[in-house]
Amino acid sequence: MIDETPEEWVERLFEFEFCPECGGDAEDHEVCLVPGIGDYFARCLPGRESPDHGGHAAPLKGPADMGIDTAGMGMTNPHPGGERPMKITASCKLGDHDIKDIPVLNPGGWFGKAWLLEIGGSYTPLFLVVEADTISDAINELSDDPTFGPQIHVPDEDLGDYPEDDRRYDGSGRVIDLDWVAIHGREGSDLPYSVEYHVGDEPVAFDPRRFAAWQFN
């Protein structure tokens, strides 16, 4: 339960640092309530962001910076045969390895708070990016995904191999197997793992938080 006013919360948030998104402080933000969660979220006020994102802001890039049509929730691009959905992928470094073309399950789904998921069990691991508030939420997002969720679901015919006391369940009550799943990211960070998003074939990458900021403004 929140025990401070929105004004107190935002003042405390920017007491010792500036916003990495717009370079502003408490006066440059409005406080919103995260739906269904009850936590506060600071949103940059429209028009407060300078062309270089503020003197204290990180150089974030977003869809509009690349001249991409962002007229709706689904990003589209002009095409002779009509508008086509823009594919969102991610890239990052893991140790000394550069990983590219990573599927993003829910770009903009949680304010750009991206986690890197690694599903092993084979010669080449499967990497995915999921936006979620916590590690547990990231697992639920993965499990609910129609394409990649079955990677961790335990088939009904195999449930006998999983004694009840050893079972793990997702948020929808499905039995899941996480023995081959690793989640990379730092709790308490607005960008748990340093990834960049790529829109379609555009060569310029941008920060996941910029994508989220575009959606909410």
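Good morning. I begin with strand 7, where Ala114, Leu116 and Glu118 point one way, Trp115, Leu117 and Ile119 point the other way, and all are buried. Buried here means under 20% relative accessible area, with exposed over 50% and partly exposed in between, using a 1.4 Å probe and protein chains only.

A word on the source. This is a predicted model, in which local features need pLDDT of at least 70 and side-chain atom pairs count only at pLDDT 80 or more, while totals for chains, interfaces and linings use all residues. Residues are numbered from 1 along each chain as its sequence is written, and side-chain values use heavy atoms, with hydrogens and water left out.

Let us stay with strand 7. Of its 6 residues, 6 are buried. The strand belongs to an open sheet of 3 strands in the order 8-7-11, with antiparallel pairing. Strand 8 (126-131) and strand 11 (181-184) are the edges; each has a single partner strand, so one side of each is left without a neighbour in the sheet. The twist from one strand to the next averages 25°. Two strands count as paired if DSSP finds at least two bridges between them.

How many bridges join strand 7 to strand 8? There are 6, and the two strands run antiparallel; within this pair, leucine 116 stands opposite valine 129. Towards strand 11, strand 7 (residues 114-119) has 4 bridges, again antiparallel. In strand 11, isoleucine 183 is the bridge partner of leucine 117, and valine 181 is that of isoleucine 119.

Helix 2 (residues 135-144) lies across strand 7, strand 8 and strand 11, at about 60° to strand 7. Such angles run from 0 to 180 degrees between N-to-C directions, on axes that are lines fitted to C-alpha atoms, for helices over the stretch in contact. Contact means heavy atoms within 4.5 Å.

Strand 5 and strand 12 are paired over 5 bridges, and alanine 90 stands opposite tyrosine 197 in strand 12.

Next, the cores. A nonpolar core is a set of buried Ala, Val, Leu, Ile, Met, Phe, Trp, Tyr and Cys residues joined through side-chain atoms within 4.5 Å. In soluble globular proteins, nonpolar side chains tend to be buried together. The largest core here has 18 residues, of which Cys92, Ile102, Leu116, Val129, Val195 and Tyr197 touch the most other members. Strand 5 (88-94), strand 6 (97-103), strand 7, strand 8 and strand 12 (195-199) each supply at least two residues, and strand 5 gives the most, with 4. Apart from this core lies another, of 14 residues, among them Trp115, Ile119, Ala132 and Ala138.

Finally, lysine 113 is found in the loop between strand 6 and strand 7. Is lysine 113 buried or exposed? At 12% relative accessibility, lysine 113 counts as buried. Its side chain reaches the backbone oxygen of aspartate 133 at 2.9 Å. Leaving aside residues up to four places away in sequence, lysine 113 touches several residues, including Val130, Glu131, Ser189 and Pro192. Thank you.

Conventions: A polar contact is a pair of N or O atoms within 3.5 Å; within protein, one must be able to donate a hydrogen and the other to accept it, and residues adjacent in sequence count only if both atoms are side-chain atoms.
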